[in-house]
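I opened the notebook with the sequence and the coordinates side by side, and these entries record what I looked up, topic by topic.

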Amino acid sequence: MEASFFSNVESYRVQKTLSKTVVFKGIGLHSGVKAELKLNPAPENHGITFERTDLKYACFIPAHFSSVVGTSLATTLGLKDAPEYRISTVEHLMAALYALGITNLKIELRGPEIPILDGSASIFIRDILRAGLELQPYSHKILKVLKPIKVYREGTICELLPRENLRLTTSVDFPHPAIGLQTFALDLTPKSFHTEVAEARTFGFQADLTKLQSRNLALGASVENVLAFSEDSILNPEGARFPDECVRHKLLDALGDLALCGCWIEGELVSFRGGHSIHLTLLQSLEAHRTHWKLLPAEPLKISLKSRLTQQQPHLTF
């Protein structure tokens, strides 16, 4: 069976890693601290793991919702009994990896927070595609949604609904003249994410900056990495990248959180005024709804074409 890597969801059912190590450098959005991120290839069935290489002892943290230790304005992974072992602001990176179908990586981070880069996932996508992907001879685990799983909290709604392939629908509602009510939906493929979502930046309001920085948040924020709003307009000289950039970025964040499921999901995520906390609650609720989904395990595959994938060679056979 042949499928276009950039347009067909069948590619998500094959495990993948990188062809070579990719390095990113920059500052953390909230910490303001310089960091170096290395994405290293990993064998099949390894999953995605993080390691803080700037700390004394080696410790591997799975990219899984069971590792989440914080959801205040970002998703943070770590060890609950070792506060120094934290990997903050993982959602943009995880969204890029999930959108490209990358399932196996050993990620090294020198610093407390993933570099924010330009505030979107576009640089992650660009540099990963330049390095190329490697197909691996196993299927990816699949979580197939059979019946709705819903979470409600103080005016926010988050749910997983049955669907053949992964679709995301997100809505935001901000009382700002440049935002207001926005809704965006996406059937996930590498191409749709790359063209419709990856460039959408994290956003914030000038009026909130002092309060956030007093809590040691947004210490690295600037118009270089945030779509910033004054009381009535956009502060970035270049303006917005999309008319509805805010809701597109919310979809990006939602995908990054959903990626911590560790499986390819056959279903639809619907998130109205959602955020990292309620996304985590939705994933945690899976255990209480065991009859609402089924898990298809990873199985060996025969890959009959060259296993390397690049932007120039976007075809695979399995």
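In which sense do strand β8 and β9 pair, and over how many bridges? Working from what is a predicted model, I found that β8, residues 76–79, pairs with β9 in the antiparallel sense, over 3 bridges. For one position I looked up the partner, and L79 has A82 of β9 as its bridge partner.

Next entry, the hairpin. Strand β13, residues 149–153, pairs with strand β14, residues 156–161, in the antiparallel sense over 5 bridges, and I noted that Y152 has I157 in β14 as its bridge partner. There are 2 residues between the strands of this hairpin, and E154 takes a positive phi near 45 degrees there.

Then I turned to the nonpolar interior. As a general reminder to myself, nonpolar side chains tend to be buried together in soluble globular proteins. Here the largest nonpolar core has 82 residues, and the members that touch the most others are L39, F50, L97, L188 and F193. Helix α1 (residues 91–100) gives the most to this core, contributing 8 residues. I looked at L97 in detail: leaving aside residues up to four places away in sequence, L97 touches L39, I48, I102, L105, I107 and I128.

How does α1 lie against helix α2? The axes of α1 and α2 (residues 122–131) come within 9 Å and cross at roughly 45 degrees. The crossing of α1 past α2 is right-handed. On the α1 side I listed H92, L93, A96, L97 and L100 as the residues in the contact, and on the α2 side F124, I125, I128 and L129.

Last entry, helix α6. Within residues 276–284, the buried residues of α6 are H276, I278, H279, L280, L282 and L283. I asked what covers these buried residues, and the cover includes the helices α1 and α5 (245–258) together with the strands β7, β13, β14 and β20 (268–272).

Notes: Residues are numbered from 1 along each chain as its sequence is written. This is a predicted model: local features need pLDDT of at least 70, side-chain atom pairs count only at pLDDT 80 or more; totals for chains, interfaces and linings use all residues. Side-chain values use heavy atoms; hydrogens and water are left out. A nonpolar core is a set of buried Ala, Val, Leu, Ile, Met, Phe, Trp, Tyr and Cys residues joined through side-chain atoms within 4.5 Å. Buried means under 20% relative accessible area, exposed over 50%, partly exposed in between (1.4 Å probe, protein chains only). Helices (H or I, at least four residues) and strands (E, at least two) are DSSP runs, numbered from the N terminus. Contact means heavy atoms within 4.5 Å. Two strands pair if DSSP finds at least two bridges between them. Axes are lines fitted to C-alpha atoms, for helices over the stretch in contact, and angles run from 0 to 180 degrees between N-to-C directions. A crossing is left-handed if the near helix is turned anticlockwise from the far one by less than a right angle, and right-handed if clockwise.
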